[in-house]
Amino acid sequence: MKILVVAATKAELTFLYQHFSLQEGDFIEDKKFDILITGVGMVATAFALGKHLSPKYNLVLNLGIAGAFDRSIELGGIVNITEDIFAELGAEDGENFLTITDLGFGESAYNSKNSIKIGLPKVSGVTVNRVSGNERNIKNLVKRLNPKTESMEGAAVLYACHQERIDCLQIRSISNYVEPRNRDKWKIGLAIKNLNDWAIAFLTDMN
Ligand SMILES: O=C(O)c1cccc(C(=O)CC[C@H]2O[C@@H](n3cnc4c(=O)[nH]cnc43)[C@H](O)[C@@H]2O)c1
């Protein structure tokens with residue numbers, strides 16, 4: 001099985017690079033898996049996947065950190081995001097929001113498709129261009145979509161895999177709660193360590 005590991009930043013895969021003694025670079029081809037570092041956000045992710053995603057891959061593994069709306073998920077906890085929604089794709093209509101589906105232009109929600117048994121909590125997430133940090137916007141997002149997590153790339157990866165009919169998995173570790181911005185409370189180091197421990201075990205088992 002050939003896996004494409006996709007992450008926004010190299011920092012999120014620090015220990016994976018070390019463990020597998022990988023060369024530096026944003027696209028690394030190894031024997032059993034390749035790594036693609038896309039840059040942060042949906043546009044950079046779509047562009048990078050447009051260049052590198054191909055039918056030679058049996059699975060795309062999207063790894064990264066994420067914010068959590070749900071306080072029952074602990075910081076550093078790892079989740080399997082099986083549904084991801086382009087939260088801002090659509091039109092404002094006064095106080096209402098019309099999704100791209102409401103507008104008749106397609107889908108805003110995508111699911112990860114695979115047949116791999118993953119012993120992690122399955123959650124639904126949203127993907128945004130700007131990290132939510134405003135109380136009113138957060139309440140609206142929760143009321144409208146009831147997401148458990150938020151990232152800046154997830155839905156773009158699921159979309160690309162859906163378009164190319166390639167299996168995918170989105171695994172993220174929670175670095176922060178979605179709340180008015182307080183960077184001091186983010187546990188990025190813990191989230192990256194736990195994410196990498198999980199990914200190293202997964203990639204070792206798969207090979
Ligand atoms: O400051 C650092 O040391 C550092 C190291 C690695 C990565 C980062 C990032 O900020 C990565 C940005 C990445 O994080 C995702 N993310 C995390 N929390 C949220 C959130 O609450 N809402 C949306 N996205 C979030 C996102 O996918 C970015 O790609 C910093």
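**Walking through the model**

Modeller: This one's a predicted model.
Biologist: What feature does UniProt place at residues 36-194?
Modeller: An unreviewed UniProt entry lists "domain: Nucleoside phosphorylase" there.
Biologist: OK, on to the ligand. How many residues surround it?
Modeller: 19 residues surround the ligand, and the closest are A8, A11, G67, S151 and M152.
Biologist: And which strands each supply at least two residues of that shell?
Modeller: Those would be β4 (59-68), β10 (149-151) and β11 (167-177). Of everything in the shell, β4 gives the most, with four residues.
Biologist: How do the shell residues divide into nonpolar, polar and charged?
Modeller: You get 10 nonpolar, six polar and three charged around the ligand.
Biologist: New topic: helix α2. Which of its residues are buried?
Modeller: In α2, which runs over residues 42-52, the buried ones are M42, T45, A48 and L49.
Biologist: Why do they line one face of the helix?
Modeller: If you look down the axis of α2, its buried residues fall within an arc of 135 degrees, so they sit along one face.
Biologist: What's exposed on the face turned away from the buried side?
Modeller: That face of α2 carries G50 and K51, both exposed.

Technical notes: Residues numbered from 1 in each chain as written. Predicted model: local features only at pLDDT ≥ 70, side-chain atom pairs only at ≥ 80, totals over all residues. Near = placed C-beta within 6 Å. Nonpolar A, V, L, I, M, F, W, Y, C, P; charged D, E, K, R; others polar. Buried ≥ 20, exposed ≤ 12 C-beta atoms within 10 Å, placed from the backbone. Arc of directions from axis to C-beta. UniProt positions renumbered as here; feature names shortened; annotations may be inferred.
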